[in-house]
Amino acid sequence: MNDTLRFIAKRLLMGVLVVFFVTVLVFCIMQAMPGDPIDLMVDTRVSAEKVAEIKAQWGLDQPPVVQYFYWLGNILHGDFGMSISIKQNVTDLILQRLPYTLMLTGAALMIEYLVSIPLGLWAAVRKGKAVDKTLTVTTVVLWSMPPFWLGVLFMLVFSINLKILPLSGYSGFPSLILPAVTLALPMLAQIYRLTRSEVLDVMDEKYVTTAYAKGVGDKKVLLKHVLRNAMIPVTVMFFLSLPWLIGGAVVVENVFAWPGMGQLLWKGIAKQDFPIVQGIIFVITILTVVCNIIGDIVAGILDPRIRLE
Amino acid sequence: MEEKVLDVKNLSIDFHTSRGCVKAVDRVSFDVKRGEVFALVGESGCGKSTTAMGIMQLIRSPGIISGGEVVFGGRDLLKLSREEMTGVRGRDIGMIFQNPLDSLNPVYTIGAQMTEGLLVEKMDKKQAWQVARDMLRDVKISDVEQRMKSFPHEISGGMRQRVMIGMMLCRNPKLLIADEPTTALDVTIQAGIIELMNELRRKFNSAVLIITHDFGIVADIADRVGVMYAGNLIETADVMTIFDRPRHPYTRLLMKALPTITKDEGRLETIKGTVPNLAEERPGCNFADRCPYAMQKCREQKPEWKECEPGHFCACFLEEGGTARE
């Protein structure tokens, strides 16, 4: 137990460093882009003096290093600053939108795992048979479909032609279905393939033969011995893929006008609104670090051979 | 006539590979009698482990049992359904494997794995735990309470093999198949395991089919021996006869190749040549190419399985002409 706590502390410390470097990197990229948010907002008729005045008001006349540390100092007090383009508190903006993003990614993850684990198991058991080949080809096709295209296709079929699901925005559970499926489908292939290959690997293990030799039936061997061991990397993958999915959500949220963080991030980037971009990247990085730690801890719980050190 | 626990008749196992059909086990026949230890001996790849897996019907694709009978308890196991065979495994025939390090499931405790087979029989959980605990004592594991809660990676290889033996004996099967049970273990630990197996088979009166390439183990534990070469069983006899007057040239050469401390010879004898490729169909004896006594006939047809003296069987043409003299 002591080892585990020490492990978590060590990883959290590393996580803080990661978050710091990521924010520095994002800040540099934002600075490297030509122009700044004020230039993008003001009309050409506004006088240069007025523009300079507004910039000074936002602190944009300061050297980038000063700007960065000013932002960092505020973060440590829990203040993400004011959005330049929307003129709202970034903390409020993120808190408003985070639940929607988590709802979308959570639903996508559920679909992804609930579908791909049984399919992966099925394909592994029927290795080389028609089922296996069909599933493998299908998932590769899905994997190759860009979400923005898949999303538009779904809207066309289910919202415009069939008129059975809402087109976009958030209006209760039915409006969650299309974006969640769009986000989940391309990722299905990954978990399906991981499950299939892990199950096949474990089926070759000697302890599976031992279980058969003991007189354990087919179904029980498959569930208790094969699946139990094959699920270790698949479960860890669940936690590792969560941040990835949030990244993927940026595109899907924009296609479906989903009121989540991804859409906000998109707008922030387009308007060079660095408090928004910095704030959201900050949140995603923290989620990534935390999910990684949870993934390691879960691996340690599922596999008694792993010791967290 | 002693009761035969296991009677294998003309068992053939083929592997269909991209390079053709490999006859890994070709018409192998032998039997194991009640309370007896029968050793199947041969070099790597001769089909001895495959034979054992065939008896248990644990052959995996691309291997298939292409013929023969495995008579156990009056019925042919090869004719049983999958469910019926599941009922035979563990209850009637137990099996332990070569590598105890990977033979136990890493995510379950020793206790959970020991009791799993017992729980198949709808035994009460508490009672199963009790039986498993007693069995661990029988296989000479100390600190049993603690060990029941240990995970496999927390105990040594020798101890894991003891757990395997205990796990397979706790349902008191009539036959225990031990596939190279000591190969992966240190020499000192090997001796302990063999001693334990000897002791337990007396206590439980199980017949044992042991697969090994080690004649030292054969001498220690076996009552009768079957020698396999390239998928064929070439000679069976009781253990004294095999060591004393082997008939088949391969067995004789094997005996010569054994290192001894009494023979004051500098070099160890070896058998020249290599094992034939079993994917190629050959009309004659599989050993003909390496055999110092090979005749024209040996390359043209397969020698028949003959009883050359009571209880001593051999498949070699030399036996027929009675010319098997050196």
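User: Before we start, what counts as a contact here?
Analyst: Two residues are in contact if their C-beta atoms, placed from the backbone, lie within 7 Å. Keep in mind that this is a predicted model.

User: Fine. How many residues of chain B are in contact with chain A?
Analyst: On chain B, 24 residues are in contact, and they meet 18 residues of chain A.

User: Which elements of chain B give two or more residues to that side?
Analyst: Three elements of chain B do: α2 (82-88), β6 (93-96) and α3 (110-120).

User: And by class, what is on that side of chain B?
Analyst: It has 10 nonpolar, nine polar and five charged residues.

User: Switching to chain A. How do α11 and α12 pack?
Analyst: Helix α11 (residues 261-270) and helix α12 (residues 274-302) of chain A pack at an angle of about 140°. Their axes are 8 Å apart. The crossing of α11(A) with α12(A) is left-handed.

User: Which residues make that contact?
Analyst: From α11(A), Met261(A), Leu264(A), Leu265(A), Gly268(A) and Ile269(A). From α12(A), Ile276(A), Val277(A) and Ile280(A). By class, seven are nonpolar, one is polar and none is charged.

User: What's buried in α11(A)?
Analyst: Met261(A), Gly262(A), Gln263(A), Leu264(A), Leu265(A) and Gly268(A). The buried residues of α11(A) pack against α5, α10 (218-255) and α12 of chain A.

User: Back to Ile280(A). What does it touch, leaving out residues up to four places away in sequence?
Analyst: Ile280(A) touches Ile94(A), Met261(A), Leu264(A), Leu265(A) and Gly268(A). Ile280(A) is also among the residues with the most contacts inside the largest nonpolar core.

User: How many residues are in that core?
Analyst: The core has 152 residues. Others with the most contacts inside it include Ala39(B), Leu175(B) and Leu209(B). The largest share, 14 residues, comes from α8(A).

User: How does α8(A) sit against α5(A)?
Analyst: The axes of α5 (residues 90-125) and α8 (residues 174-203) of chain A come within 6 Å and cross at roughly 35°. The crossing is right-handed. The contact of α5(A) with α8(A) has 24 nonpolar, three polar and two charged residues.

User: Which residue takes a positive phi just after α3(A)?
Analyst: Gly59(A), at about 80°.

User: And just after α11(A), which residue takes a positive phi?
Analyst: Gln272(A), at about 55°.

How values were computed:
Residues are numbered from 1 along each chain as its sequence is written. Chains are lettered from A and ligands numbered from 1 in the order in which they are written. This is a predicted model: local features need pLDDT of at least 70, side-chain atom pairs count only at pLDDT 80 or more; totals for chains, interfaces and linings use all residues. Helices (H or I, at least four residues) and strands (E, at least two) are DSSP runs, numbered from the N terminus. Axes are lines fitted to C-alpha atoms, for helices over the stretch in contact, and angles run from 0 to 180 degrees between N-to-C directions. A crossing is left-handed if the near helix is turned anticlockwise from the far one by less than a right angle, and right-handed if clockwise. Ala, Val, Leu, Ile, Met, Phe, Trp, Tyr, Cys and Pro count as nonpolar, Asp, Glu, Lys and Arg as charged, and the others, Gly among them, as polar. A residue is buried if 20 or more other C-beta atoms lie within 10 Å of its own, exposed if 12 or fewer, and partly exposed in between; C-beta atoms are placed from the backbone. A nonpolar core is a set of buried Ala, Val, Leu, Ile, Met, Phe, Trp, Tyr and Cys residues joined through C-beta atoms within 7 Å.
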